[in-house]
Each structure stands twice: as structure tokens, then as C-alpha cells.
Amino acid sequence: MRALVADAATGARQRLILVSSVHATAFTASGSKRRSGYAPEDAPAADMPAVAVQLPQPAADMTDWFEGMPGRRFRVAMPPRLLLLNSNQRLHHHRRADITRVLRRAAWAASRDVPRLERAHIIGVLHPEDRQRRDPANWYPSFKACVDGLVDQGVLDDDDHTRVLGPDMRLGHVVSGSRLVLHIREIGEAEGPSELRK
């Protein structure tokens with residue numbers, strides 16, 4: 001379980017932390033204000049007035065990557081700040097396996113609400129942390145690990161060419177910490193398996 005937290009003064013730097021890292025109050029046992037850590041908004045100290053902080057909503061990805069195409073659509077967003085695999089990296093195979101395992105598990109957890117699909121078109125969007133030029137195809141190993149996580153979750157029976165079109169890799173808008181997002185479109189019976197064999 002994770003909680004969404006932000007800097008209390010500004011409402012900025014939204015991020016997810018483990019619920020076990022949230023303290024019961026914003027003050028220590030000696031009564032001094034905590035210099036680090038987090039406290040829930042609904043548990044202020046008795047001698048401190050409650051201040052409602054309106055947190056800005058995270059930027060929604062408004063791009064319709066499947067514009068004009070039929071089928072149900074789903075969005076599976078990985079947590080920000082995950083270590084990603086890049087095809088240009090030269091990593092020890094144990095380190096690569098560790099990162100792959102984390103990405104696969106993150107996709108498994110993030111796709112719990114996606115129903116089982118017979119066939120799907122997947123677009124993988126890399127949301128970078130700055131505006132530098134990038135080749136999103138270099139992050140294919142990360143996208144592949146995430147698609148494997150969908151298979152682990154049971155969203156797809158397999159990720160072979162008869163069931164999956166893609167993942168097509170695109171570059172999205174800038175977000176703090178960077179993240180991967182899978183946009184999934186169900187390929188219906190009307191389109192037929194020939195769409196996957198082209």
C-alpha cells in the first residue's frame with residue numbers, strides 16, 4: 001500500500017511512499033515538528049490549527065494514442081522514478097535481471113483492473129523528466145518487461161505476434177521522475193487476427 005504525499009507548504013513534488021512510512025502525527029514524542037517523514041492531513045496536533053492544503057492533481061495524459069480506432073482502451077501507468085532498462089546500457093546480467101523483475105512486478109500490480117483480453121494493441125509511452133531529445137525505441141527492454149507483467153497478471157495469455165500488436169514506443173510529455181505508461185486497445189473480433197499478421 002502506498003500513499004500520495006506532497007510538500008506541505010507548496011503542494012508540489014507529489015510522489016508515492018509506503019504507507020508504513022507515514023507517521024501518526026506531524027510532531028515527534030518530544031513535541032517538536034518533524035523535520036522529515038510524513039503525517040496524514042486528518043491527524044494534526046491538538047495545538048496546531050488544521051490547514052487544508054489543496055494538492056494539484058497530477059497531469060493527466062490527454063493524448064488519444066488510438067484516435068479513430070475501435071475497441072476498449074486501458075491505461076497502465078508504472079510508478080514514477082523506477083529504474084529503466086535502455087538498450088544502450090552495458091549492465092551485468094544480474095543487475096539487468098533485477099531491474100527487469102521490478103518492472104515486471106510493477107506492471108503486474110498496475111494492471112489489476114484491466115480485464116482479460118484475447119488480443120491487444122499496445123503503445124508504450126515514455127514520459128521523460130526533461131525536454132532533452134530521446135529515442136523512445138531505446139527503452140524497448142523496459143516496455144518488454146512491462147508487457148510480460150501483463151501476461152503474469154492474466155491480461156493476456158501470451159505476448160506473441162498472434163495476440164499482441166506492438167508495443168509501439170512513443171515519447172510523452174515531461175513528468176517529474178519520468179515514468180512508463182502502457183496504453184492498451186482491445187483488438188476485437190471484427191478486426192480479426194489478420195491485423196496482427198500484417
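# Reading helices, salt bridges and a strand pair

Guide: Helix α2 has 14 residues, which at 1.5 Å a residue should span 20 Å, and the distance between its end C-alpha atoms is 20 Å, in agreement with that expectation. Please keep in mind throughout that this is a predicted model.

Visitor: Which residues of α2 are buried, and what covers them?

Guide: The buried residues of α2 are Ser142, Phe143, Ala145, Cys146, Val147, Asp148, Gly149 and Leu150. Their cover includes the helix α1 together with the strands β3, β4 (120-127), β5 (164-171) and β6 (179-186). After α2 comes Gly154, which has a positive phi, near 95°.

Visitor: How should I read the other helix, α1, and which of its residues are buried?

Guide: The general idea is that an α-helix has 3.6 residues a turn, so residues three or four places apart point the same way. In this model, α1 has 18 residues and reaches 26 Å from its first C-alpha to its last, close to the 26 Å expected at 1.5 Å a residue. Its buried residues are Ile99, Leu103, Ala106 and Ala107, and because they cover an arc of only 100° around the axis, they lie on the same side of α1. These buried residues pack against β3 and α2, whereas the face turned away from the buried side carries the exposed residues His93, His94, Arg101 and Arg105.

Visitor: Where in α2 do Lys144 and Asp148 stand relative to one another, and is Asp148 buried or exposed?

Guide: Lys144 and Asp148 are four residues apart in helix α2 (residues 140-153), and therefore about one helical turn separates them. They form a salt bridge whose closest N and O atoms are 3.0 Å apart. Asp148 is buried, with a relative accessible area of 14%, which is under the 20% cut-off, whereas Lys144 is partly exposed at 30%. The pair also belongs to a network of salt bridges that links Arg104, Lys144, Asp148, Asp152 and Asp159.

Visitor: With which residue does Glu118 form a salt bridge?

Guide: The partner of Glu118 is Arg116, and the closest N and O atoms of the two are 2.8 Å apart. Glu118 is partly exposed, with a relative accessible area of 42%, and Arg116 is also partly exposed, with a value of 45%.

Visitor: Turning to a loop residue, where does Asn86 lie, and what does Asn86 touch?

Guide: Asn86 lies in the loop between β3 (73-77) and α1, and is buried, with a relative accessible area of 12%. A polar atom of its side chain lies 2.8 Å from the backbone nitrogen of Asn88. Leaving aside residues up to four places away in sequence, Asn86 touches Arg96, Asn138, Trp139 and Pro141.

Visitor: Is His121 buried or exposed, and with which side chain does the side chain of His121 make a polar contact?

Guide: His121, which is found in strand β4, counts as buried at 6% relative accessibility. Its side chain makes a polar contact with the side chain of Asp168, at 2.9 Å. Residues up to four places away in sequence again being left aside, the residues that His121 touches include Phe66, Met69, Leu165, Asp168 and His183. His121 and His183 are 62 residues apart in sequence and 8.2 Å apart in space, C-alpha to C-alpha.

Visitor: In what sense do β3 and β6 pair, and which residues of β3 form its covered face?

Guide: The pairing of β3 and β6 is antiparallel and runs over five bridges, with Arg185 in β6 as the bridge partner of Arg73. The covered face of β3 is formed by Phe74 and Val76, and the uncovered face by Arg73, Arg75 and Ala77.

How values were computed. Residues are numbered from 1 along each chain as its sequence is written. This is a predicted model: local features need pLDDT of at least 70, side-chain atom pairs count only at pLDDT 80 or more; totals for chains, interfaces and linings use all residues. Side-chain values use heavy atoms; hydrogens and water are left out. A salt bridge is a side-chain nitrogen of Lys or Arg within 4 Å of a carboxyl oxygen of Asp or Glu. Buried means under 20% relative accessible area, exposed over 50%, partly exposed in between (1.4 Å probe, protein chains only). Helices (H or I, at least four residues) and strands (E, at least two) are DSSP runs, numbered from the N terminus. A polar contact is a pair of N or O atoms within 3.5 Å; within protein, one must be able to donate a hydrogen and the other to accept it, and residues adjacent in sequence count only if both atoms are side-chain atoms. Contact means heavy atoms within 4.5 Å. The expected span of a helix is 1.5 Å times one less than its number of residues. The arc is that of the directions from the helix axis to the C-beta atoms. Two strands pair if DSSP finds at least two bridges between them.
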